[in-house]
Amino acid sequence: MYQEGCEVDLILGPSNIKEISSGIKVHRVTNAASMFDKAISLFDTCNIAVMSAAVADYTPTHVAQEKIKKSEGEFTITLSKTKDILKHLGSIKKEHQCLIGFALESTNEKNYALKKLTEKNADAIVLNSLNDKGAGFSFDTNQITIFDKQGNEEAYGLKSKKEVAKDIVDKIIRILS
């Protein structure tokens, strides 16, 4: 979006990303709760929100302050549901705002993407399937399908992640026009 002339705020969790264009305002966060808070604080003034972070669905209820030592028997970690950033933004979205979400799925991909589109009040969902060869976290390539608010689907072939990003931006521009 920055290369299309937009002002961009990037909320960035822990990552290996080192090079970011100097015109992009970066907000670094360390956990899902701080990402939620930062997204909420920026959302009111934005026109387009692209929610591409793979935030965990659950978070440890208690975080140990030091190493947990081995002991006899089993150890249980209690998890709490993480706040759903996309759903919350969809619930406060204004008519002029465009909200794009992502779905990373391994089964019933289309059904889950369409369900997310509706439940989160998004304008589009970008589906990443873990079943697509050459796509996902471990590759420099990806293959996506974008579903718009009307449920129309547009599938894209395997290509570089930079080209995938351009496809997503082009789709957002078409949604807005």
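Here are a few friendly notes on the predicted model shown above.

1. Ground rules. Residue numbers run from 1 along each chain as its sequence is written, and side-chain values rest on heavy atoms, without hydrogens or water. As the model is predicted, local features need pLDDT of at least 70 and side-chain atom pairs count only at pLDDT 80 or more, while totals for chains, interfaces and linings use all residues.

2. Overall build. The protein holds 4 helices and 11 strands (DSSP runs numbered from the N terminus: H or I of at least four residues for helices, E of at least two for strands). Its C-alpha trace spans about 60 × 35 × 35 Å along the principal axes.

3. Of the 177 residues, 30% are buried (under 20% relative accessible area, with exposed over 50% and partly exposed in between; 1.4 Å probe, protein chains only). Among contacts (heavy atoms within 4.5 Å) with a separation of 6 or more, 45% join residues 24 or more positions apart.

4. Charges. You will find 24 positive and 24 negative side chains, with the centres of the two sets 3 Å apart. Lys and Arg count as positive, Asp and Glu as negative, leaving out His and the chain ends; the charges are placed at NZ of Lys, CZ of Arg, CG of Asp or CD of Glu.

5. Two asparagines to look at. Most residues other than glycine have a negative phi. Asn 108, in the loop between β6 (98–105) and α3 (109–119), has a positive phi of about 45°; it counts as partly exposed because its relative accessibility is 47%. Asn 121, in the loop between α3 and β7 (124–129), has a positive phi of about 55°, and its 29% relative accessibility makes it partly exposed.
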